[in-house]
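Trainee: I would like to learn how to read helix packing in a model. Could you take me through an example?

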Amino acid sequence: MGGYLQLGDEHAATSVIESTAQSRDVLWMALYAHRRDWKRAGELAYDAIARELITPIDENVAANAIRHHARLSGDYARAIEALESYSGVHWTVDDEPILSE
């Protein structure tokens, strides 16, 4: 589907989304991000992270969607919580990151 978006063929990308048997939310997230509809893309990214649907190939789109969504909504705390949860990072009392193995 990403190939169709890179070629600018949203109609073909939408057809792929509608015909998939897998969760469509991550694919819709990519399409909305391509359209720069950051509100919709961000909401789908938050939901996909919560439902553990994000794969390594989706990470960049999800992170960008959440970043843009946070800028539009001003809800940076939600973005930080979602991305920390997804990445597995924790913090020491001195604000030093602890990365998961």
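Mentor: We shall go from the overall chain to one pair of helices and then to the core.

Mentor: This is a predicted model, in which local features need pLDDT of at least 70 and side-chain atom pairs count only at pLDDT 80 or more, while totals for chains, interfaces and linings use all residues. Residues are numbered from 1 along each chain as its sequence is written, and side-chain values use heavy atoms, with hydrogens and water left out.

Trainee: Which elements does the protein chain contain, and in what order do they run from the N terminus?

Mentor: Helices (H or I, at least four residues) and strands (E, at least two) are DSSP runs, numbered from the N terminus. The protein chain has 6 helices and 2 strands, in the order α-α-α-α-α-α-β-β, and its C-alpha trace spans about 50 × 30 × 20 Å along the principal axes.

Trainee: How are two packed helices described?

Mentor: The description uses the angle between their axes and the distance between the axes. Axes are lines fitted to C-alpha atoms, for helices over the stretch in contact, and angles run from 0 to 180 degrees between N-to-C directions. Here the axes of α2 and α3 come within 10 Å and cross at roughly 160 degrees; the two helices are therefore roughly antiparallel, a word that applies to angles over 145 degrees. The contact (heavy atoms within 4.5 Å) is made by E10, T14, I17 and E18 of α2 and L27, W28, L31 and H34 of α3.

Trainee: Is T14 buried or exposed?

Mentor: Buried means under 20% relative accessible area and exposed over 50%, with partly exposed in between (1.4 Å probe, protein chains only). T14, which lies in helix α2, counts as buried because its relative accessibility is 16%. Leaving aside residues up to four places away in sequence, T14 touches W28, L31 and R35.

Trainee: Which residues have the most contacts inside the largest nonpolar core?

Mentor: In soluble globular proteins, nonpolar side chains tend to be buried together. A nonpolar core is a set of buried Ala, Val, Leu, Ile, Met, Phe, Trp, Tyr and Cys residues joined through side-chain atoms within 4.5 Å. The largest one here has 24 residues, and those with the most contacts inside it are W28, M29, A41, A45, I54 and I66. The elements giving two or more residues to this core are α2 (10–19), α3 (25–34), α4 (38–50), α5 (59–73) and α6 (76–87). W28 itself touches T14, I17, E18 and L44, again not counting residues up to four places away in sequence.

Notes. Parallel < 35°, antiparallel > 145°, perpendicular 65-115°, else oblique.
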